[in-house]
Amino acid sequence: MSGYILKRLALAAAVILTVLVILFSLLRLVPGNPVTIALGPQATPAAIAHYSAKMNLDQPVWVQFATYARNVVTGDLGEDIFTGRKVAIIVGEQIGYSLMLMVAAMGWAIVLGIPLGCLAAVRPNTWLDRITGVLSVGTIAIPSFLMAIWALLILSVQLRWLPAMGAGEAGDYGDQALHLILPAFAVGLGWVGYLARMVRASMLEVLGEPFIRSARAFGLTPQRVIFSYALPVAILPTITLIGMGFGGLISSAVFAEVIFARPGVGKLIYDSVQARNFPIVQGAVVVTTALYILVVLLSDLLVSWIDPRVRRVL
Amino acid sequence: MSVASSEPTLEIRSKARSARHAQLRVFLTNWQAMLGLVLVVIFFASAIFAPQIAPYDPNAMDIPARLAGPSWQHLAGTDQLGRDTLSRILHGGRVALTIAAIGVSLSLAIGLALGMLAAFGPRRLDSLLLLIFDSVRSFPTIILGLATVSLTGPSLGLVMVIVVITSIPQYARVTRTAALVLRGTDFVLAERSLGASTLRILWHHILPNVVGPLLILAAMDVPVVVSLEAGLSFLGLGVTPPTASWGTLLNEGYLVIRNSSWMVIMAGMPLVLTTIGFTFLAEGLRDILDPRMNRGR
Amino acid sequence: MQHLLDIKNLSVDFHTLQGRMKALRNVSFGMKKGRILGIVGESGSGKSTVLWSIMGLLAPNAKVIGGSILFQDQDLLTLSEQARRQLRGEAISVVFQDPMTSQAPLLSYGRQMADILYRRREMSRCEKRGAAAEMLGKVGIPDPAFRLDQYPHEFSGGMRQRAGIAMALLTGPNLLLADEPTTALDVTMEAQIIHLLRDLQAETEATVAVVSHNLGLIAELCDDVVVMYAGEVVETGAVRQIFHAPRHPYTQALLECDPARIVERPARLPIIAGELPDLTSPPAGCIFADRCPYTLPLCRTEKPPVVVGTDGGLARCHIQSGAVAARVPGAVMPAASGPLARAANEAPLLETRDLNIRFPTEGMLLAKLQGRQPKGLDAVLDVSLTLHPGETLGVVGESGSGKSTLGRAILNLVSVTTGKVLFEGNEVQSLPEHKFKPLRRNMAMMFQDPNGSLSPRKTVRALITEPLQIHGIKERDLDREAERLADMVRLPRPLLARFPNQLSGGQARRVGVARALALSPRLVIADEPTAGLDVSVQGEILNLMADLQAEHGLAYLIITHNLPVIRHISDRIAIMYLGRIVEQGPAEEIFRHQHHPYTASLVQGVPQPDPDRKRAHRGLKGEVPSLLERPRGCDFVSRCPNARPLCHEAKPPHRGVGPHRVIACHFPLA
């Protein structure tokens, strides 16, 4: 038990450390003074002075890195070069929107994709299976940012059914939900097809296993065979896959937030890149990494909760 | 001794050649695979011969004809500066093809080597590599790409780096899994007992068995790479104007989406068609290379 | 006697890539109430297809094209799926072949068994649990109430099969079907399961059908027998009739081929020459005509009639109907080639001295931090063997006995921890590969899985000549060499162009032999040379090996779990248990008299293919312990019927008994 958790934590630490090293060295590998590179041409002299002091540029490189790492670990992600606000607070304001979008997108994809794949596997070569097959290829074929643009064009610009820009009025949950539909649709659609295909393939494989035939030989109802015996086994690789797909999900969210001008970490990073506001970019990347580690850990725990074989290793 | 659900053992009387004919027949009668093949050929041909078949200079402006819809003069309409969208799409295909060809072959080669190393190297190295593959594969690499661009500015080279880094883990994992299975089989042990060196085993006995799945994966990966390039260029991380790429075209279209819907539709089509083409082709190939999948149909 | 189940003219087709395969053709037989019926046949006989037809769970590519299956006066084939499901698990239940894969991995036994009782609405959850625990106790699983909450992966192989039997009997079915119930198990476990099935049948009076290729199991367990060949029933009858006075030539040949029935050591093992007919277009006449020693023209043109014997048994054969006169057998058994010359007084070719192989189970780092030796398991412990040129040594053991590891260590495929391996008098253990490579020309290995030990994307020609290429032998013409080797192992030359997956098991095995012999080695290590082969084919390989030995003076080290087979080809035998040799000596002597209780139980534990020689012996209790839990004293102490206090304390040393025997036992059998 402890060994497994130790390993996981060590991995998490390694990932964070790698990202910190990359961010840290990026700044120093680009030729020029790191401060002016990081803050860009529009930085105020006050910000430059503050930043230089903070980066310990007169110290050896490893001291600079240690200071940087310590700051990050203690939650000090630096300040916005224009307004001087804490980056941690700025990212904190935005992260909720991104999480909401990702949960909504993945949520509807799971709710639709898994049963669809399951049904297609149970009734192979029926019209349902064929439609699912065509639909999966179709939805996977359209990259999520293209989907977002097309959805924007059709449902918002042309038909004017749904609001396109922003996240809705603060406090008005109905409005916020309405604003969530388009981006969540665009981000999730590819996953519907992807999950349906995955579940169909792994379900078909599991349905061919001898233990399924034994369950049928004991006269269990088809429903029970599928839902209690086959599905839990078939779903395991899918859960891992969802955890693995987190990176892709964040990328799609970046596009969706940019295209729908929706607040969120992705939009924050994009805007900060445009404005050359490196401290915010850096802080947002660190937070995203932490989030990523959390998601991977969660999917691992979920798998071990379902699978007694792994549970014992834990 | 045979289990009832599988067919009882039967001596296979067909010769290897006729088996290959049967495979070809399966492929040729699969409409999806054939459609995929046609689309893929179009993708390659249109990119390679873009200068010859494009009706206009992709950068020639014609301000009076700006934001036009499809017509006989401009089959896919024009953009804000009156440039012919079809010509720009054709030239954008060259960017896509370049990225796909270099990115896929580079990541395939590196992934293959790393995967073999993981499977046949020391155990410890295997777990380390596996952790790296998994971490990189699920890491939101695009975010790191954005961070880099904020310092260096956009470039095609950066897109290539991102493409290769995100693609390697898949190839490495597929190679590793296949090679690891093979490593545990009796036939590899048999080769070792005959005195075959590890290099000989890898080259003569492992490679021929992993190359099929890897090629399928590569075919599946082309649209992913093309979309990634388009996406990054859309965000302004990759190809910069005035060079035409499917991503920058979409970006230009996005900016004028309320005035003219044609650009985003037209610029999006090649992405969709490329994806469908390569996906269908890959699936068709898998059906003939992996007979197990056939039986389910 | 009343029939519980009557199968009439059952025909089943499989749709395959090769075409419509007529897997079952007009299969008819009945099952008498309260008796055990054995359905016996080799691979491709369709015996399992019969079983799954009864269950109505044939593969999707199978189709029943005719006939009826009457069960309690209902034709199962005309019932709705709903009605058939009502019978499954209630009136008819099944014990599966491989308990490792046939039980749901994510559900506890309690849950799986409660699910089987789902139709019993009147039972509370608590009662179902109680019934399940009671049944687990009945099949010999200790502490059933606790075990109910465990998952299949927490059970050992034998325990799983017991649990599988408990699941099948939970509802008290009238008809129990068993599909190769012991094939996945070791010899000592097999004996336990046979006894368990027999006892439970006597107690519940259920009607049982056992499908198996194992003649010993059929003879021990069954009252009636159905013999199948290539999708047809060739003979039925009472077990004594079948085993003592078989009427169909196939039954006769099958029995003759079983090495367990051969008492004298023959120079050559009997075989059934030829191959299964192509079932996509089965022959017009008798299905066995191609391989039958009595075949006359009539047999090839006309289907043989069903002839009822004096005891009510049936045989489908022209001889029985009198249409064909039975000649004196044209010998299923080929002529003997005279006793093999063996030189025993030469210097040993191979020797191992106190060989130990230890696999670490934890990293060096952790152990070093705690300042101790890393934990590990001893796969091979103190093994000393000698093998002379031209001699055959059989190493026998169950799974986990370390026999395969031993073979691999000799070939430097596994590194030796301590001890010596001497080949032609020189120490060769743990040599670096470049120094060992020249030796590989003199020692070769045949692997267990005939098809799986051939690189799948190479042609037979490339595979056979590969040893020459590896060792850089350029002076020989590879094509000519391939043909020479193919001829040597009696592999038809056209097969040289094929790929391994296009070969039958016997053909692939020949390719393996050719590869092993390509460089004319002096020593061949053969790991389970008959694994995966039908009884009628395994004799061919063993005869071939014997011929090649006589011709080239090869020494064989044969690793196997199959005692009856090894008996006929070994000069000497070494019995391994948990990595240690417990008894070693000349084959004939060991079969005549055993000193070690484990050897005794192995020799007597082989099910006898003779219904009159049913064992009184109950077999060993328990299972082979994990190598991680090696007993402190004698390795065998946990299962030994004669264990005494000393056995728990000290490992018995190896000591000589008589001129040729070595045993490791404190209190050997007299």
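Visitor: What is the mean pLDDT of chain C?
Guide: The mean is 87, and 94% of the residues of chain C reach 70 or more. For the model there are two further scores, ipTM 0.83 and pTM 0.82.

Visitor: Where in chain C does pLDDT stay under 50?
Guide: Over residues 330-341 of chain C, for which the model has 21 contacts beyond four places in sequence. Two residues are in contact if their C-beta atoms, placed from the backbone, lie within 7 Å. Where pLDDT is low, the predicted coordinates should not be read in detail.

Visitor: Why is A664(C) called buried?
Guide: A residue is buried if 20 or more other C-beta atoms lie within 10 Å of its own, exposed if 12 or fewer, and partly exposed in between, with C-beta atoms placed from the backbone. A664(C) has 24 other C-beta atoms within 10 Å, so A664(C) is buried.

Visitor: Which residues does A664(C) touch, not counting those up to four places away in sequence?
Guide: A664(C) touches R580(C), I581(C), V582(C), P652(C), P653(C) and H654(C). A664(C) itself sits in the segment that follows β24 (661-663) of chain C.

Visitor: What makes helix α22 of chain C largely enclosed by the rest of the structure?
Guide: Of the 9 residues of α22 (residues 597-605) of chain C, 7 are buried, so the helix is largely enclosed. Those buried are P597(C), Y598(C), T599(C), A600(C), S601(C), L602(C) and G605(C). Their cover includes α7 (187-204), α20 (563-569), β21 (572-577), β22 (580-586) and α21 (587-592) of chain C.

Visitor: Which domains does the domain assignment of chain C give?
Guide: Domain 1 (3-91 + 173-316) and domain 2 (338-364 + 387-591). Such bounds come from an automatic or database domain assignment. The C-alpha centres of domain 1 and domain 2 of chain C are 35 Å apart. In their contact, 20 residues come from domain 1 of chain C and 17 from domain 2 of chain C.

Visitor: How many helices and strands has chain A?
Guide: Chain A has 14 helices and 0 strands. Its C-alpha atoms fill a box of roughly 80 × 55 × 35 Å along the principal axes. Of the 314 residues of chain A, 46% count as buried.

Visitor: How many residues of chain A are in contact with chain B?
Guide: 45 residues of chain A are in contact with 36 residues of chain B. Several elements of chain A each supply at least two residues to that side, among them α1 (2-29), α10 (222-244) and α13 (278-306). By class, the side of chain A that touches chain B has 36 nonpolar, 7 polar and 2 charged residues. Ala, Val, Leu, Ile, Met, Phe, Trp, Tyr, Cys and Pro count as nonpolar, Asp, Glu, Lys and Arg as charged, and the others, Gly among them, as polar.

Visitor: How is chain A divided into domains?
Guide: Into domain 1 (2-73) and domain 2 (89-312). Their centres, taken over C-alpha atoms, are separated by 32 Å. The contact takes 10 residues from domain 1 of chain A and 8 from domain 2 of chain A. On the domain 1 side, α1 and α2 (34-39) of chain A give two or more residues, and α1(A) gives the most, with 6.

Visitor: Which residues of chain A does the UniProt annotation "transmembrane region" cover?
Guide: The unreviewed UniProt entry places it on residues 95-122, 134-157, 177-196, 233-260 and 280-303 of chain A. UniProt positions are given in the numbering used here, feature names are shortened, and annotations may be inferred rather than shown by experiment. In the model, residues 95-122 of chain A are 100% helix and 0% strand, with end C-alpha atoms 40 Å apart. Residues 177-196 of chain A are 100% helix and 0% strand, and their end C-alpha atoms are 25 Å apart.

Note on methods: Residues numbered from 1 in each chain as written. Chains lettered and ligands numbered in written order. Predicted model: local features only at pLDDT ≥ 70, side-chain atom pairs only at ≥ 80, totals over all residues. Helix = DSSP H or I, 4+ residues; strand = E, 2+ residues; numbered from the N terminus. pLDDT = per-residue confidence, 0-100.
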